[in-house]
Amino acid sequence: FDSRSILSAARDGTLRRWVWGDLSSRFEDKIHTFAVGDTLPALSQKYGIKVDELVTWNGIRNAKLLYPGAKLIVKKGDPSSRTKAEIRAERSLQREQRREKRMMRLCLQSKGRKDGEKGNDDEAEDAAKILEQMLKLGLRDDPSTLANRYTGKKEKTT
């Protein structure tokens, strides 16, 4: 008795070999250890995948930061599930979008005030608060750019 596989014969004479094993091994990702001289296009060609897939599955933001010994997913074990890197990237994007929306709301509130409602000192103080919030949130666009992006207005080019 073979403990690793079994052979079966059908009525039409075809033989089938059935391999024993657990299902979890079927869903393991194929990993490639990045080496000196490896490039993303070469790896994608070697494994028959798109460079975009390689970048997405592994959460690569800058290919120049890849180092020898880095473990890269080159084939997903379960194509319907997301990799940890994909989940992290999605959460990071969602956080950044929430931060930007908060900042844009602040900008719109500041921009939406009518002239004469506040004096110059108050406006300067508001602008300082907005810039401080922008730095805390990691945003580098000026308030009017963010406000225009939030309202859908296009910037004038000179």
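Buried residues account for 22% of the 158 residues in the protein chain, where buried means under 20% relative accessible area, exposed means over 50% and partly exposed is whatever falls in between (1.4 Å probe, protein chains only). This is a predicted model, so local features need pLDDT of at least 70 and side-chain atom pairs count only at pLDDT 80 or more, while totals for chains, interfaces and linings use all residues. Residues are numbered from 1 along each chain as its sequence is written, and side-chain values use heavy atoms, with hydrogens and water left out.

The protein chain holds 5 helices and 4 strands, taken as DSSP runs numbered from the N terminus (helices: H or I, at least four residues; strands: E, at least two). Along the sequence they come in the pattern β-β-β-α-α-β-α-α-α. As for contacts (heavy atoms within 4.5 Å), of those in the protein chain between residues at least 6 apart in sequence, 51% join residues at least 24 apart.

Now to the helix pair. Helix α1 (residues 40-47) packs against α2 at an angle of about 105 degrees, and their axes are 8 Å apart. Axes here are lines fitted to C-alpha atoms, for helices over the stretch in contact, and angles run from 0 to 180 degrees between N-to-C directions. The two helices α1 and α2 are therefore roughly perpendicular to each other; that label covers 65 to 115 degrees, with under 35 being roughly parallel, over 145 roughly antiparallel and the rest oblique. On the α1 side the contact is made by L40, P41, L43 and S44, and on the α2 side by V51, L54 and V55. Sorted by class, this contact of α1 with α2 has 6 nonpolar residues, 1 polar and no charged ones. In this scheme Ala, Val, Leu, Ile, Met, Phe, Trp, Tyr, Cys and Pro count as nonpolar, Asp, Glu, Lys and Arg as charged, and the others, Gly among them, as polar. K46 also sits in helix α1, and K46 is exposed, at a relative accessible area of 59%. Its C-alpha atom is separated by 9.5 Å from that of V74, 28 residues apart along the chain.

Next comes the loop between β4 (71-75) and α3 (84-111), which is where T83 is found. With 5% relative accessibility, T83 counts as buried. Leaving out residues up to four places away in sequence, T83 touches T56, W57, I73 and K76. T83 and D29 are 54 residues apart in sequence, yet 9.1 Å apart in space, C-alpha to C-alpha. R82 lies in the loop between β4 and α3, but R82 is partly exposed, with a relative accessible area of 46%. Under that sequence cut-off of four places, R82 touches K76, I87 and E90.

Last, the largest pocket has a volume of about 320 Å³. It is lined by 21 residues, and the closest to its centre are W57, I73, T83, K84 and A85. The elements giving two or more residues to this lining are α2 (51-58), β4 and α3. Helix α3 supplies the largest share, 4 residues. By class, the lining has 10 nonpolar, 4 polar and 7 charged residues. On a 1 Å grid over the protein atoms alone, a pocket is an open set of points where a 1.4 Å probe fits, with protein on both sides within 12 Å along at least five of seven lines, and lining residues have an atom within 4 Å of a point. Grid points are joined across faces, edges and corners, and the volume is the space filled by probe spheres set on the points.
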